[in-house]
Amino acid sequence: MTGLPAQVIPVFSGTECSPDDPLCWSWVTGNWSSVLAPALVQHVYITLIAVVAGLVISLAAALFAFSRDWFATGFGGLSTLLYTFPSLAFFIAFVPITGISLTTIEIGLTSYTLLLLFRNALTGLRTVPRNAIEAAEGMGLTPAQILFRIRFPLALPSIMAGVRVATVTVISLATVAAAVAPLGLGKPIFDAIHTLFDTELVATGILTILLALVADAVVLGIRWAVTPWLRAAR
Amino acid sequence: MTATPEPRTPDRPPADIVFDHVVKRYPGQETPAIDDLSLTVRAGETCCLVGPSGGGKTTAMKLVNRLIDFDSGDITIGGRSIRSVDVTSLRRDIGYVIQQVGLFPHMTIAANIAVIPNLLGWSGDRIRARTDELLDLVRLDRAFAKRYPAQLSGGQQQRVGLARALAVDPPVMLMDEPFGALDPITRTEIQDEFLNLESEIDKTVIFVTHDIDEAIKMGDRIAVLRQGGVLAQYGTADGLLAHPADDYVADFVGADRGLKRLSLRTMREIVAPDGLPDDGSGPSVDADASLRIGLSTLFAAGTDSVRVTDGDRVLGRVSLAQLQGAVSGSTV
Ligand SMILES: Nc1ncnc2c1ncn2[C@@H]1O[C@H](COP(=O)(O)OP(=O)(O)O)[C@@H](O)[C@H]1O
Ligand SMILES: [Mg+2]
């Protein structure tokens, strides 16, 4: 790897940590504010940007595709294609265009969310109770009003299910993206891989898992908030 | 449950609905679903469309709000062809109630009722007042306003369906087997309430049902369709029962049509003040009971006459011969 910052060997001299210790707590506390916390914060916004961008693009595409089968087929095909590219190759492919940058990472990560988010959104828009749609038509709602006022909210459970999987996927994929641009929790992982020091690897790995769990809980919370009718007990 | 709402005068007078030689043929089908249908539903009346399954009842009804477009002929509401009106505003002037109700699951009851008022830009205060008024009208507690459809029973959901259809006080209502999915007790209850409500709100109603008894109960007039969407007979319940146009209609209204006619009149109508003297004996029936109930009471007791009471008052006695005379006459 060229072009990376010089410091690829983590500083563990000066601590009482042995390289063989799988998780040396004093390293974690000593490097929390300098290494782990900044990487965690970066990882959170890398994920947020990718999921929000993916969601905005997918929702717009799904709403547009709803009554245009050609577009549904086209966009579905494109997102499937993007999804099948090996992730690392995909990140690297954009380096000549967008450089070693956050943009490169976000393009890759966002592309990966599209298939899932688009499919779920479109399925959600299409699978609403027929009776509700018939009533809506009979009452004199226009097709656009039916789409935005009836179909879209009723698609939220399906959309949020997509967001859930997409978020967790992006959190893990974003660690791989650090091989291209040294950002997020992937950076300490890649740094540590080149060394014999396990603690940095293990601590960052655990942190990534915790982030995924917390993010999942947050998405569930959002789903809970936007679908009040689902929890209305009989 | 809330108190009986005040009768209200409609903002918009009812309009008549005229089918004029209407033909509807679905693509790829040999025979039309609606064949040369001509029918006038008078302003303020309820027309029950009855017929066999697949007879074209739903199709005929959906032609009116243009959920289905006819091929030839014309349909007018209040003298205006439905094709000359913007389809969205046409539909907003027509209350639409279907068997499966079709409430919007993600909206509260209040929000369901307010959908069209919202689109029409009514103020929040006006919508709230109207929602309360409608919940009263369909006999739902106002506390239901904040609930979601899944929290309601089938009967309660259909009351909301009715309220939603009535929200902007449309002059015309289309109802497709609206009470068909309800259990018999709830159905009877909601039928009675709709009859009551209909007398307060003056609407032109097309009410589809496959149940001739429901048609007799709900309709001012009944249109009997036969297979292929052909009108077999159109008339009052009593007219159909007394003079079915042909064997098909006779068969459709039932071999017990003589008994059915008994349901159309009450004991009060035939008890004569100077009739049989009351000897204070035997069974009694309420004056507002149907002749059918009167006959049944009489048979059950094995007597040949029955007392008719109105509260504590005895109005007189009705004999078997009187009951017979009431239905064997050509029309009521
Ligand atoms: N969308 C449709 N496409 C093709 N044929 C239809 C459609 N809807 C109804 N039909 C046919 O039209 C006829 C009348 O149907 P319908 O109006 O639903 O009858 P009913 O409500 O009296 O049961 C039936 O033969 C039915 O199969
Ligand atoms: Mg039908």
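The model shown is a predicted one.

**View 1. Chain A is built with helices and without strands.** By this definition chain A holds eight helices and zero strands, and reading along its sequence gives the pattern α-α-α-α-α-α-α-α. Along its principal axes, the C-alpha trace of chain A spans about 75 × 45 × 20 Å.

View 2. Helix α1 of chain A runs through residues 25-65 and has 41 residues. A straight helix would reach 60 Å at 1.5 Å a residue, but the end C-alpha atoms of α1(A) are only 52 Å apart.

View 3. Helix α6 of chain A, residues 143-177, spans only 42 Å between its end C-alpha atoms, whereas a straight helix of 35 residues would span 51 Å at 1.5 Å a residue.

**View 4. An open sheet in chain B has four strands.** The strands of this sheet stand in the order β2-β1-β4-β5, and their pairing is antiparallel. Because β2 (34-41) and β5 (80-81) of chain B each have a single partner strand, they stand at the edges, and one side of each is left without a neighbour in the sheet. Strand β1 of chain B, residues 17-24, pairs with β2(B) in the antiparallel sense over five bridges. Across this pairing, B:V22 stands opposite B:L37, which belongs to β2(B).

**View 5. Residues of chain B surround ligand 1.** The residues around ligand 1 include B:Q29, B:A33 and B:P52, as well as B:G54, B:G55, B:G56 and B:T59. By class, this shell has three nonpolar, seven polar and one charged residues.

**View 6. Side chains of chain B approach nitrogen and oxygen atoms of ligand 1.** An N or O atom in the side chain of B:Y26 is 3.2 Å from a nitrogen atom of the ligand. A polar side-chain atom of B:K57 lies 2.8 Å from an oxygen atom of ligand 1, and an N or O atom in the side chain of B:T58 is 2.7 Å from an oxygen atom of ligand 1. Taken alone, ligand 1 exposes 560 Å², and the protein buries 59% of that area.

How values were computed:
Residues numbered from 1 in each chain as written. Chains lettered and ligands numbered in written order. Predicted model: local features only at pLDDT ≥ 70, side-chain atom pairs only at ≥ 80, totals over all residues. Heavy atoms only, no water. Helix = DSSP H or I, 4+ residues; strand = E, 2+ residues; numbered from the N terminus. Expected span 1.5 Å × (residues − 1). Near = heavy atom within 4 Å. Polar contact = N/O pair within 3.5 Å; in protein donor to acceptor, adjacent residues only side chain to side chain. Areas by Shrake-Rupley, 256 points an atom, 1.4 Å probe, with all protein chains shown as cover. Nonpolar A, V, L, I, M, F, W, Y, C, P; charged D, E, K, R; others polar. Pairing = 2+ DSSP bridges.
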